[in-house]
Amino acid sequence: MADDIFITEETIEGADDGPLAGTTVAVKDNISTEGVRTTCGSRMLEEYVPPYDATVVTRLKEAGATIVGKSNMDEFGMGTTTETSYFGSTDNPAAPGHVPGGSSGGSAAAVAAGEADVALGSDTGGSIRCPAAFCGVVGIKPTYGLVSRYGLVAYGNSLEQIGPFGETVEDAAQLLDVIAGSDERDATTREAPTDGDSSYADAATGDVDGLTIGVPTELLEGADEGVVETFWDAIADLEAQGATYHDVSLPSVEHAVEAYYVIAMSEASSNLARFDGVRYGHDADADGNWNDAFAQTREDGFGDEVKRRILLGTYALSAGYHDKYYKKAQDARAWVKQDFDEALAEADVLASPTMPVPPFELGESLDDPLQMYLADANTVPVNLADLPAISVPAGETDGLPVGLQFIGPAFGEARLIRAGSALE
Amino acid sequence: MSDDAVSPEEVRHVAELARVGLADDEVDQFTRQFADILEYFETLDEVPEVDREADLTNVMRPDEVRDSLERETALENASETEDGYFKGPNVS
């Protein structure tokens with residue numbers, strides 16, 4: 001089998017029958033599984049065994065799925081390559097020697113390598129769509145509130161959603177059917193406005209006749225030439241099937257990366273304060289008082305990228321800087337939402353390359369954090385706007401997979417699934 | 001680099017606030033990286049003030065007693081316990 005796709009390989013059998021009977025699922029290792037360790041790719045949780053299941057895991061079991069393992073990820077979801085995992089990096093089955101993307105790299109790689117039929121990941125700023133694009137599979141980031149986050153170890157709660165991977169759009173949509181829906185244990189969930197009795201899987205008809213596609217020019221600027229070429233080929237394919245496209249402008253997205261990182265880091269600094277080695281997780285058992293012991297536990301337990309984000313988030317929220325960073329980032333977030341609302345009033349869906357670049361080589365990109373953050377330019381605006389998006393394989397450049405991202409209005413998943421299935 | 005670039009003392013101070021111990025070489029590395037990253041964040045200054053129309057409703061449930069984890073289960077992942085409680089380091 002491919003290297004390091006799973007952090008823990010263990011089979012969890014679901015119910016005897018159900019819509020996912022006979023289907024194998026890889027589950028990202030930040031989604032709680034009762035009795036099976038859940039590490040978040042961190043030394044901090046190397047031995048943590050959750051006493052309860054995440055709501056999505058309960059739903060998988062009830063649907064008859066077989067969970068085959070907990071997949072590798074960037075530590076606490078913080079990364080674009082799966083290389084920040086304490087448990088080592090994962091090779092890209094679709095492009096050996098390259099990263100699988102991140103942070104849900106193990107989940108995408110599991111599907112690409114045939115180690116699982118489908119997989120669950122989580123997407124805070126692109127962590128489902130990036131690895132889907134890099135591994136040549138399908139990934140869906142649902143509308144904020146469509147899928148319960150109960151049992152997902154929190155990183156940036158206002159941004160993240162659990163979502164599915166599949167080899168085909170229909171496979172991913174079928175998994176979305178199982179995990180979607182409100183949950184009294186996550187007060188941010190909502191029941192999607194229903195479209196009759198039809199399922200998400202039913203929407204994978206490939207019918208794009210009459211579909212209007214807006215292409216945000218800002219999301220093509222600075223992208224790799226081969227990626228852009230592959231993107232336009234896919235748009236031409238959709239046109240040939242009856243869709244039309246027009247350019248749109250989203251001036252706010254020029255500030256999306258910095259707004260995203262300020263908000264995500266601020267939320268991370270608060271969320272990860274819980275890891276003190278007392279109730280669960282690594283305990284350095286250090287001498288000294290409460291503060292000294294916590295600082296030692298967290299020095300040992302967290303890797304560089306996690307420390308970086310906790311410290312920058314603490315800085316951005318500290319007295320004197322809050323208005324300068326956090327408040328401005330919230331303004332930018334509201335602006336991004338307005339821009340998307342306006343663009344989606346004139347188009348059924350928006351389309352862009354999922355990632356502006358093809359997969360990095362393993363080890364290529366760890367030293368410069370800012371360069372890595374900039375690679376998220378096309379995915380983070382969607383999380384800031386709470387919208388759904390899908391990444392589907394669009395072709396290759398120099399033998400490396402390229403993904404195309406469709407973005408839709410809130411709870412417009414069916415429309416994205418229909419558009420995505422036209423590229424298969 | 002802007003005048004606001006962060007100093008090693010500030011990195012140590014923030015690390016102390018966040019209860020994250022740092023080795024000396026980490027302080028140097030983070031000081032350099034934070035200068036770049038914070039300089040990039042400065043571009044948020046160009047963002048106009050935006051009316052935020054939050055369309056949010058509170059979600060409440062009745063305050064009723066419900067089942068929760070058994071005490072023993074809740075303590076299973078703790079490194080140290082005593083008489084059914086978590087045991088932490090000395091406060092001072």
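Helices (H or I, at least four residues) and strands (E, at least two) are DSSP runs, numbered from the N terminus. With that in hand, α4(A) is followed by G181(A), whose phi is positive, near 125°. The model is predicted, with local features needing pLDDT of at least 70 and side-chain atom pairs counting only at pLDDT 80 or more, while totals for chains, interfaces and linings use all residues. Residues are numbered from 1 along each chain as its sequence is written, chains are lettered from A and ligands numbered from 1 in the order in which they are written, and side-chain values use heavy atoms, with hydrogens and water left out.

**Helix α4 and its partner α1**

- Helix α1 (residues 55–62) of chain A and helix α4 (residues 169–179) of chain A have axes that come within 9 Å and cross at roughly 110°. That makes α1(A) roughly perpendicular to α4(A), a label for angles of 65 to 115 degrees (under 35 is roughly parallel, over 145 roughly antiparallel, and the rest oblique).
- Axes here are lines fitted to C-alpha atoms, for helices over the stretch in contact, and angles run from 0 to 180 degrees between N-to-C directions.
- On the α1(A) side, V56(A), R59(A) and L60(A) meet L175(A), V178(A) and I179(A) of α4(A), where contact means heavy atoms within 4.5 Å.
- By class, this contact of α1(A) with α4(A) has 5 nonpolar, no polar and 1 charged residues. Ala, Val, Leu, Ile, Met, Phe, Trp, Tyr, Cys and Pro count as nonpolar, Asp, Glu, Lys and Arg as charged, and the others, Gly among them, as polar.
- The buried residues of α4(A) are V169(A), A172(A), A173(A), L175(A), L176(A), V178(A) and I179(A). Buried means under 20% relative accessible area, exposed over 50%, and partly exposed in between (1.4 Å probe, protein chains only).
- Those buried residues of α4(A) pack against α1, β5 (118–123), β6 (138–141), β7 (161–166), β11 (389–397) and α12 (413–421) of chain A.

**Helices α6 and α8**

- The axes of helix α6 (residues 256–271) and helix α8 (residues 304–317), both of chain A, come within 7 Å and cross at roughly 100°. In other words, α6(A) is roughly perpendicular to α8(A).
- From α6(A), the contact uses Y261(A), V262(A), M265(A), S266(A) and S269(A), and from α8(A) it uses R309(A), I310(A), L312(A), G313(A), T314(A), A316(A) and L317(A).
- Sorted by class, the contact of α6(A) with α8(A) has 7 nonpolar, 4 polar and 1 charged residues.

**Aromatic rings**

- Over all chains, the structure holds 18 aromatic pairs. Rings of Phe, Tyr and Trp (its six-membered ring) pair if their centres lie within 6.5 Å; planes under 30 degrees apart count as stacked, over 60 as edge-to-face and the rest as tilted.
- One of these pairs is Y260(A) with Y261(A), which is edge-to-face at 4.9 Å centre to centre, with 85° between the planes. Y260(A) is buried at a relative accessible area of 3%, and Y261(A) is buried at 2%.
- Y48(A), F76(A), F275(A), Y280(A) and F302(A) are linked by ring pairs into a cluster.
- In chain B, the charged end of R71(B) sits over the ring of Y85(B), 5.2 Å from its centre. This label needs NZ of Lys or CZ of Arg within 6 Å of the ring centre and within 35 degrees of the ring normal.

**Backbone points to look at**

- F76(A) is found in the loop between β4 and α2 of chain A. Its phi is near 55°, a positive value in a residue other than glycine, and F76(A) counts as buried at 3% relative accessibility.
- S103(A) is in the loop between β4 (66–71) and α2 (105–112) of chain A. A cis peptide bond joins G102(A) and S103(A), with omega about 10°.
- D386(A), in the loop between α11 (380–384) and β11 of chain A, has a positive phi of about 65° although it is not a glycine.

**Individual residues**

- Q405(A) lies in strand β12 (residues 400–407) of chain A and is buried, with a relative accessible area of 0%. Leaving aside neighbours within four places in sequence, Q405(A) has contacts including R129(A), L350(A), N378(A) and I390(A).
- P50(A) is in the loop between β3 (24–28) and α1 of chain A and is buried, at 2% relative accessible area.
- E342(A), in helix α9 (residues 323–345) of chain A, counts as exposed at 55% relative accessibility.
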